[in-house]
Amino acid sequence: MIDTSAFVHYLSAQPGYGGQIVHVEHIPHRDAEYAELEQPLHQSLDRFLREDKLLPLYTHQAEAINYARQGMNIMVATSSASGKTLCYNIPVMESVLTEPSSCALYLFPTKALAQDQLRTLRDYPHLAPEAATFDGDTPQAERAGIRKSARVLLTNPDMLHVGILPNHQSWSRLLRHLKYVVVDEAHIYRGVFGSHVACVLRRLRRLCNFYGSSPRFICCSATIANPGEHAERLVGLPFRVVASDGSPYGGKEFVFWNPPIIDEAKSVRRSANSEAANLFAELVNSDIRTLTFARTRRLTELIYNYTRHRLAEIGSAQAKKIKAYRAGYLPKERRQIEKELFSGELTGVVATTALELGIDIGDLEATVLAGYPGSIASTWQQAGRSGRSGDKSISFLIGVDNPLDQYFMRHPDSFFGKSVENALVNPDNPYILRAHLLCAAWESPLGSEEVFGSTFEREREGLEEEGLLRERRGKWYLSPAVAYPAQNINIRSTSGENFAIVDTSTNSLLETVEACVAFFQIHPGAIYLHQGESYLVEELDLPSRTAYAKLTSANYYTQTKELTDLHITRVIKHKNCRQTRVYLGEVEVTTTVVGFKKKAQFTEEVIGEEPLDLPPQHFPTVALWFDLPARVAAGLDKGQLDFAGGLHAVEHAAIAILPLFALCDRNDIGGVSTPLHPDTGKAQIFIYDAYPGGIGIAEKGFDLVEQLWQTTLRAIKECPCQEGCPSCIQSPKCGNNNKPLDKKAAQRLLEGLLLR
Ligand SMILES: [Zn+2]
Ligand SMILES: [Zn+2]
């Protein structure tokens, strides 16, 4: 077992150490808390669980099972590795044992997780013969048997959407007797994907109703700020939340590691990736079993190579005991690496988030996170890969040059305190809802359909006007022109419209990219990563929606610049916050990708810039915007501060900070700021959802706007730079080359917004 404090001390005594350790959180050892069930377990189940050392139950497990037995829908939101699976496996096993025909449906976001869970279920003698996975890999020959007799079906939302619901007649036995629906990793279902899944679950509920069943839902999630709200929006039913964790914990030293500043004026820090490689080498060389997480496949390889060389340089035998792991590898290679890590043949692995979820890789002692993974939930999930056995562990979070990373480096309390992240879905998104109404109509003609919420009638009428639905005696049928709608709807994307990427050396299809992001990812000159290989896009043919690309050894990556216009179509609601009016509304956004930058790998240095000539793209979405305090604006002139630069800086920083409150990526949000907006005749800052129809982010920002202003102000004010830098007000995506920007004006404006 590692002596974590000694290791931290050792690092800080190294000759090259430059004060990187900005915080060490001592997460104490915690003993398990147990509880009894209100009603005892079925005898044979009790015996089995006892033999497998799964009893007594932790308090949260007992609480969840008690509620499930009372017929409530439950959402279990406790830490990773807290034994959440028992919260659903026990009620399901009980019903399989005691009710001769009852069935359960388990949904996992990936096939690998479903297969992993099947291996667990196979250990339960009661369930082994009853459980089966059903996904794209299930052999045709086995499918009929599964439909006929499986009682616990493990699948993913994609398969439910495209394979099971549209063929519900052949699944009628399962649907008629469906008692439990398990939705594991529910926090993954957010944004576009989550909004689709919310509609798929409504289609499922509707068909269950048709077959006369009304299953209970058991959802599990990482710790989020809104577990109850999220489960209710996702499923559309009331939920009971179980969040007090009774599982034991071995204790952890969580180190926040901020690379030293190498350019004072611009506040540029040393690369987080080389810091990660150094830490990884130190840990592995001390024979500490370590998993390092990199943000991209490219960085995974770079950190791996760098660490291996470094270990070889110092003559460490460990150089041969590390490997890289990423999504592009063949399943066989991945299983091999998982096995070697599990058995201890390997001391360390560098991985992308492909390894983040559930897959059992045994117990590790240390984790290194090269950059904040984008959410507190993911950070805990990644850091939680060390210390699962109940022994002490150590984790490092390395800060990169961006506002959220640096905010946490300065405010570790806001990371370790109460979760502020909200998982968001928008089941009323008209584009997504309409797509699923067509699927629902295929499954069974539409009637009054309360399950689809308050916008159902409006969207149904819209589809009727488009000729996609036809009314007959109070029922709406799918027009014969629409064949098998589910097949054309990818629930992991907003639109069904994709661009193809063709490899010109083989003339074969590499992959497809969603239309709404195509101009950002596969414009001419773009470097596109496919399975860890870099491809250079040589041509983008718009009429045929095809990009032509070839393999390249280029050692840079590309980042687009865009210009945005925004037009207000409707104010949904407004409110006063402090002395300012804040609005939420429907807007029409027009973005034009105007050029791109080439950035060197690892150093992030800009090595080139090229213009692009692409047509503008329009889409309707949801935005929040607010007025600016007039007195402050007038005062800026006197202080020779730039009003427009202040607005622009507030916009950039607020967009970077919003993912602290709403589980999303900076790229899921867009912004516009202007000293005079034509629709309002005033200075305005807009923040909008970057997906057609909106996915709930701007709405959450509207609700929490005061906190958003406060946190944005802190991020700007506390940044040590003089004129603004990537850690506060600069944005890598800015179409105006980050001009004008005025850090002091931004600070004044935010202070003005927060005046009482
Ligand atoms: Zn700064
Ligand atoms: Zn900008």
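Student: How many residues does helix α5 have, and what distance does α5 reach from its first C-alpha to its last?

Tutor: In this predicted model, helix α5 covers residues 111-122, which makes twelve residues. At 1.5 Å a residue, a span of 16 Å is expected. The distance from the first C-alpha of α5 to the last is close to that expectation, at 16 Å.

Student: Which elements cover the buried residues of α5?

Tutor: The residues of α5 that are buried are Leu113, Ala114, Asp116, Gln117, Leu118 and Leu121. An α-helix has 3.6 residues a turn, so residues three or four places apart point the same way. What covers the buried residues of α5 includes helix α4 (84-98) and the strands β5 (103-107), β6 (131-133) and β7 (152-155).

Student: Is Thr133 buried or exposed?

Tutor: Thr133 has its place in strand β6, and among the residues it touches beyond four places in sequence are Ala114, Leu118 and Leu154. Buried means under 20% relative accessible area. Because the relative accessible area of Thr133 is 14%, this residue is buried.

Student: Which residue of β7 is the bridge partner of Ala131?

Tutor: Strands of a sheet pair through backbone hydrogen bonds, either parallel or antiparallel. Strand β7 pairs in the parallel sense with β5 over four bridges, and Leu105 stands opposite Leu153 there. Strands β6 and β7 also pair in the parallel sense, over three bridges, and in β7 the bridge partner of Ala131 is Val152.

Student: Which residues of β7 are buried on the two sides of the strand?

Tutor: In a regular strand the side chains alternate between the two faces of the sheet. Both faces of β7 are covered, and the buried residues are Val152 and Leu154 on one side, with Leu153 and Thr155 on the other.

Student: Which residue of β24 is the bridge partner of Ile527?

Tutor: Strand β23 is joined to β24 (residues 533-541) by four bridges, and these two strands run antiparallel. In β24, the bridge partner of Ile527 is Leu536.

Student: Which residues are the protein donors of the zinc ion (ligand 2)?

Tutor: In sequence, the donor residues are spaced H-x3-H-x81-C. His648 belongs to helix α21 (residues 643-657), whereas Cys734 lies in the loop between α23 (705-717) and α24 (743-753), so that the pair links distant parts of the chain, 86 residues apart. Both His648 and Cys734 are buried. Lying 2.0 to 2.4 Å from the zinc ion, the protein donors are His648 (NE2), His652 (NE2) and Cys734 (SG).

Student: What distance separates the C-alpha atoms of Phe280 and Gly348?

Tutor: Phe280 is found in helix α11 (residues 272-285), and with 0% relative accessibility it counts as buried. Leaving aside neighbours within four places in sequence, the residues in contact with Phe280 include Thr290, Ile322, Gly348 and Val350. Phe280 and Gly348 are 68 residues apart along the chain, and their C-alpha atoms are separated by 8.0 Å.

Methods:
Residues are numbered from 1 along each chain as its sequence is written. Chains are lettered from A and ligands numbered from 1 in the order in which they are written. This is a predicted model: local features need pLDDT of at least 70, side-chain atom pairs count only at pLDDT 80 or more; totals for chains, interfaces and linings use all residues. Side-chain values use heavy atoms; hydrogens and water are left out. The expected span of a helix is 1.5 Å times one less than its number of residues. Buried means under 20% relative accessible area, exposed over 50%, partly exposed in between (1.4 Å probe, protein chains only). Contact means heavy atoms within 4.5 Å. Two strands pair if DSSP finds at least two bridges between them. Donors are N, O and S atoms within 2.8 Å of the metal (3.2 Å for Na, K and Ca); water is not among the atoms, so sites may look incomplete.
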